[in-house]
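Morning, everyone. Please have the sequence and the model open, and follow along as I talk.

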Amino acid sequence: MVQIVFYLFILLTLGSAFGVLLTRNVLYAAFFLLLTLLGVAGLFVLAGADFLAVSQIMIYVGGVLVLIIFGVMLTHTKDAGQTDFTRPNYVLTRHRGWLWALVVAGGIFSVLYSALVRANFVLFGREPFFESTVDTIGRQLMTEFVVPFEIAGVLLLVALIGASTLAASSRPDR
Amino acid sequence: MLPIILLSVFGIVLLFLGFLKTRAVLLPAALLFILIALGAGFLEWNKSYLYFGDMLLINNLAILFSTIVLISAFMVVALSGDFLEDEMAQPAEYYAILLFSIVGAMMMIGYENLIMLFVGVEILSVSMYILTGSDKRNLRSNEAALKYFLMGSFATGFMLFGMALLYGAVGSFTLTDIKSYILLSHGRPSLLLYMGELLVLIGMLFKVSAAPFHFWTPDVYEGAPTLFTAFMSTVVKTAGFAALLQLLSVSFSAIYGFWWVILAAITALTLLAGNLTAVYQNSFKRMMAYSSISHAGYLLIGLAALGQQSRSALVFYSLAYSLATISAFGILLLVAKQHTTDGRPDESYSAFNGLSRNNPLLAFVLAVSMLSLAGIPLTAGFWGKFMLFSAAVDRGMVWILILAVLMSAVGIYYYFRVVIAMYFREGQAGRIRVAPFYQFILIAATALTIILGIVPGLFQNIM
């Protein structure tokens, strides 16, 4: 039963990922991305990583994707409708570097694939256990990893200051 | 650990100082804060501490690297006087970001846990993305910031993936655990470990702009405001190499046979790409960008030939490179302001024509820094190269040594183009007024370059 659900989620993820690549409409691509991210969240649940799955949905589906859709809607202009929707999108465009792109991507994929297939994971082949990880993560963040957790605050502060200064008007008081 | 806490707090204090009506207090305050952090760092001299359950390791090497970062930051802030005159600039914010970015750099230098490395890299990179785009009215700066951001995030993704794989293999993020895992695996560590190391290396090499991950460097360095280019090319490079040195010498020294070939190939590629492309540049700033790639190549020799000498050689070279680069950019800032084409500062070689006639001091400072970058004797750059090359000899890497020497000869060509322009070309350069403190910083950097060039032993005694 779990296996079937697992393969369904994989199908959902891969299919919608291809949808993102093949569609010519940016808004459709954003919606396909929603399905991809949901599929990945489902895979996280099946792997017993419930916290990761929830944050995936909260951050990506809830935050990033809404931002993308807003971006698409706000940047839309009437005179920009030159895109030809009748023809499909080519994954491999006639860009001059496509051979290199293929070699690099294929190389990374094959190396990662062989490494992951041959790796001996600790939990491999064991029955999946479903217990909440939120408790452990919270405790670890407040004990062992408290320093990176605190200093991540500096990172967020920098990002915040940067966003506000870059977005501030650069013209004299208007 | 103390400088990290202090700088985080000082950054926030600076933001509040920005509320004051007068901006004059910002620059001295930022300089004072950096000096305090510098002093606080030396409190831990000769003591080796592990902080907070193996998160940070502060030893003499880390303090030396942080000192170089702080000195670079001090000089960059000191040269930023013009910045306050610009009505629309937001100096409080940018000084605060500079201080926060040093926090990131110091975490990269003294990390013991890979998570600290990651957070440090992110703080430094995000600060750099912002500073690159800080010249909002300049389209080039906007383009550079966006380019840097997109590619930098991609590289960070690689690095994070690598760390995840390392965790998969070892089950821990600390460097010493990775080391003991490799030692206990009887020479047959999991494939995940190799993959993880490779991906982390790719991410870090991108940050220090080694070939073939260097393609972003020229555009970003050229587009960023000159002041922040100076900061980027010194602080990021020093911190990046400190982080690589820590990673390779502590964790992966047992599998040296695996990674030295990769690093040596990247070193050769970086030296070739940086030096040969620099020859064809017409813009001084773009030439400095390629020169920074080539210096990443020289520094990589020290990593590929990891040994007893590598540590002191890398520290010395970073110091020499930082001093020379910042004074060169300091002169560029002054000169480019005098010549404007289409309302933008002129950053080509021809802007330097005849500089020595009316501004002998500026010409001398730039000449010394070019000589140091080229590695001519009696400057610090010569001893830096010498130490790195002798580290290569210790490992018997003769072919890389020959390549490096050849490439430094190429380097002499493009560094001397500026010197020739300054001393032998006719130009209409008028006298450039330089603020006394600005002048003092330039003279101090030049003096330090020459002193280290004449008595390098002075520095080695500290190590």
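I will go through chain A, then a few places in chain B.

First, some ground rules. This is a predicted model: local features need pLDDT of at least 70, side-chain atom pairs count only at pLDDT 80 or more, and totals for chains, interfaces and linings use all residues. Residues are numbered from 1 along each chain as its sequence is written, chains are lettered from A and ligands numbered from 1 in the order in which they are written, and side-chain values use heavy atoms, with hydrogens and water left out.

Chain A, then. How many helices and strands does chain A have? Six helices and zero strands. Helices here are DSSP runs of H or I with at least four residues, strands are runs of E with at least two, and both are numbered from the N terminus. Chain A is split into domain 1 (1-77) and domain 2 (141-174). Those bounds come from an automatic or database domain assignment. The centres of the two domains, taken over C-alpha atoms, are 27 Å apart.

Of the 174 residues in chain A, 18% are buried. Buried means under 20% relative accessible area, exposed means over 50%, and partly exposed is in between, using a 1.4 Å probe and protein chains only.

Now a helix pair. Two packed helices are described by the angle between their axes and the distance between the axes. In chain A, α2 (residues 26-46) and α3 (residues 50-75) pack at about 175°, with axes 9 Å apart. Axes are lines fitted to C-alpha atoms, for helices over the stretch in contact, and angles run from 0 to 180 degrees between N-to-C directions. So α2(A) and α3(A) are roughly antiparallel. The cut-offs: under 35 degrees is roughly parallel, over 145 roughly antiparallel, 65 to 115 roughly perpendicular, and the rest oblique.

Who makes the contact? Among them are A:Leu34 and A:Phe44 of α2(A), and A:Gln56 and A:Tyr60 of α3(A). Contact means heavy atoms within 4.5 Å. The residues of this contact divide into 21 nonpolar, one polar and no charged. Nonpolar covers Ala, Val, Leu, Ile, Met, Phe, Trp, Tyr, Cys and Pro; charged covers Asp, Glu, Lys and Arg; the others, Gly among them, are polar.

Next, aromatics. The whole structure has 26 aromatic pairs over all chains. Rings of Phe, Tyr and Trp (its six-membered ring) pair if their centres lie within 6.5 Å; planes under 30 degrees apart are stacked, over 60 edge-to-face, and the rest tilted. B:Tyr298 and B:Phe389 have ring centres 6.4 Å apart and planes at 55°, so this pair is tilted. B:Tyr298 sits in α13 of chain B and B:Phe389 in α17, 91 residues apart. Both B:Tyr298 and B:Phe389 are buried.

B:Trp383 and B:Phe386 make an edge-to-face pair, 5.4 Å between centres and 80° between planes. They are three residues apart in α17 of chain B, so about one helical turn separates them. B:Trp383 is partly exposed at 25%, and B:Phe386 is partly exposed at 44%.

Last stop, two single residues. Is B:Met204 buried or exposed? B:Met204 is buried, at 1% relative accessible area. B:Met204 lies in helix α9 (residues 191-207) of chain B. Leaving out residues up to four places away in sequence, B:Met204 touches several others, including B:Met108 and B:Leu244.

B:Gly18 is in the loop between α1 and α2 of chain B. B:Gly18 is partly exposed, at 33%.
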